[in-house]
Amino acid sequence: MLPGIGVFGTGNVVKVIVPFLREKGFKVEAIWGRTLNAVEEVAKELEIPFHTNKIDDVLLRKDVDLIFIICSPNLHAQIAVKALGIGKHVLCDKPAGLCQGEALKMVRASQYYPSLISIINHSLRFLPAFGQMRRAIVDGYLGQEGEITVCDVRVQMGSLLHDAYDWLCDDTMGGGVLTLVGSHVIDLVSHLTSQRAVRVHGVIRTFTKTTDYVNGIRHISSPDFCAFQMEMSGGALVTATLNNHLPASFSQEVLICGQAGHLMVRGGDLYGRKSGSTKEDVIYLDVEDLQRGGAINSTAANAIPRPYMKGLFKMIGALREAFLPVEDKRGWVKEPVALAATFEDGLYVQAVIDALKKSNANREWVKVNVITEEPDPDPLLSAAVRRSTISM
């Protein structure tokens, strides 16, 4: 038995995955949007029976057991925590909230309800090329474990902005290349190397502050360029460059070097070369075509980079395998989705993003600090209260 799905969001990703979910046998029962007009239009296009602009109307439906959160990041934590509390499985888009405090709330909710699926959409983990890359690293292609020296990631793509002012234009609302693409890179590097960032240094810039559609009193604050370095716990050094200034194109290269050779993923293909060899090995070629049914909106599909879409489709396939063997709609088996990023991984990624923002502001290397307790919202007031209590 596959669970009924409730979707939060009305963007391009939703228009791509809803037809794919149906193809895999899932029933999409309800959709939420920020405004009734927007959600009504998408519900009609995708033939979803129920639409609303009230969060609880989707969460409280009896025919919805799995929640897809694909809306603006400022709502991720609120919806995820509430959904888990009601007893729904959750797949949340990246990033896990706007700050570590929000991500920690999600982690605590997932720990409190361990019988429920709670995963983050870091879909590159499911891309076959990265699966093969990880296997090659474990098998010693680059040398013994701990011998990874350098990891270099380059992502060149077009603008992430829409034709109207929305949350994507605002840095404080979770827009920008660092949170939307950088979060994938930070998680992927940690997943491939089995190491975590200890210290980071970042340069984050917003070069495009107005467009033909966003101008006048409104300005874009979300970054469109980011370059950062990470010192990893196992001694590896990571450099990443994320660039939004290549219109109508997408290029992604992930290079990992070790003492015994190097591995590189270009797009969806994996290449490698052993030290001393003059010939590059072709380890994996991505020949599988994307399963684009006629129902999938081609404009929406073209707006999402192919590796990310393909990884997301693989993740949905894994979700299907997790639910299919169990007769109860709420039951599931862990193994197919064991590869997925957990809310704890989301908290770590958020900690690295927070450190990178601090590094950019202070122009210095910053230590990554993953919080274990929610930060005090007003430390000055708390200190004053403590002092007055002591004096009494």
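Which side chain meets Glu-231 in a salt bridge? The views below, all from a predicted model, start with that pair.

View 1. The partner of Glu-231 is Arg-199, with N to O at 3.1 Å. Glu-231 sits in strand E9 (residues 225-232) and Arg-199 in strand E8 (residues 197-205), so the bridge ties together parts 32 residues apart in sequence. Glu-231 is partly exposed, at 29% relative accessible area. Arg-199 is partly exposed too, at 32%.

**View 2. Lys-94 pairs with Asp-93.** The closest N and O atoms of this salt bridge are 3.6 Å apart. Lys-94 counts as buried because its relative accessibility is 14%, under the 20% cut-off. Asp-93 is buried as well, at 8%.

**View 3. Arg-320 pairs with Glu-321.** Here the closest N and O atoms of the salt bridge lie 3.8 Å apart. Arg-320 is partly exposed, with a relative accessible area of 25%. Glu-321 is also partly exposed, at 42%.

**View 4. Four residues form a salt-bridge network.** Its members are Arg-125, Asp-187, Arg-196 and Asp-345. The salt-bridge count for the model comes to 12.

**View 5. Domain 1 meets domain 2.** The domain assignment gives domain 1 as 4-124 + 301-343 and domain 2 as 128-284. Their contact takes 16 residues from domain 1 and 19 residues from domain 2. The C-alpha centres of the two domains are 24 Å apart. About 1,500 Å² is buried between them, 72% of it on carbon and sulfur atoms. On the domain 1 side, His-122, Leu-124 and Tyr-308 lose the most area to domain 2, together 35% of what that side buries. Salt bridges between the domains number zero. Two residue pairs are in polar contact across the interface. Helix H9 (residues 306-323) gives the largest share of the domain 1 side, three residues. That side divides into nine nonpolar, five polar and two charged residues.

**View 6. Helix H4 and the glycine after it.** Helix H4 spans residues 76-86. Buried residues in H4 are His-76, Ala-77, Ile-79, Ala-80, Ala-83 and Leu-84. Gly-87 follows H4 with a positive phi, near 105°.

**View 7. Ala-136 in helix H6.** Ala-136 belongs to helix H6 (residues 128-138). Ala-136 counts as buried, at 12% relative accessibility. Leaving aside neighbours within four places in sequence, Ala-136 is in contact with Tyr-141 and Leu-263. Leu-75 is 61 residues from Ala-136 in sequence and 38 Å away in space, C-alpha to C-alpha.

Terms used:
Residues are numbered from 1 along each chain as its sequence is written. This is a predicted model: local features need pLDDT of at least 70, side-chain atom pairs count only at pLDDT 80 or more; totals for chains, interfaces and linings use all residues. Side-chain values use heavy atoms; hydrogens and water are left out. Domain bounds come from an automatic or database domain assignment. Contact means heavy atoms within 4.5 Å. Buried area is the accessible area (1.4 Å probe) that two parts lose on being put together, summed over both. A polar contact is a pair of N or O atoms within 3.5 Å; within protein, one must be able to donate a hydrogen and the other to accept it, and residues adjacent in sequence count only if both atoms are side-chain atoms. Helices (H or I, at least four residues) and strands (E, at least two) are DSSP runs, numbered from the N terminus. Ala, Val, Leu, Ile, Met, Phe, Trp, Tyr, Cys and Pro count as nonpolar, Asp, Glu, Lys and Arg as charged, and the others, Gly among them, as polar. Buried means under 20% relative accessible area, exposed over 50%, partly exposed in between (1.4 Å probe, protein chains only).
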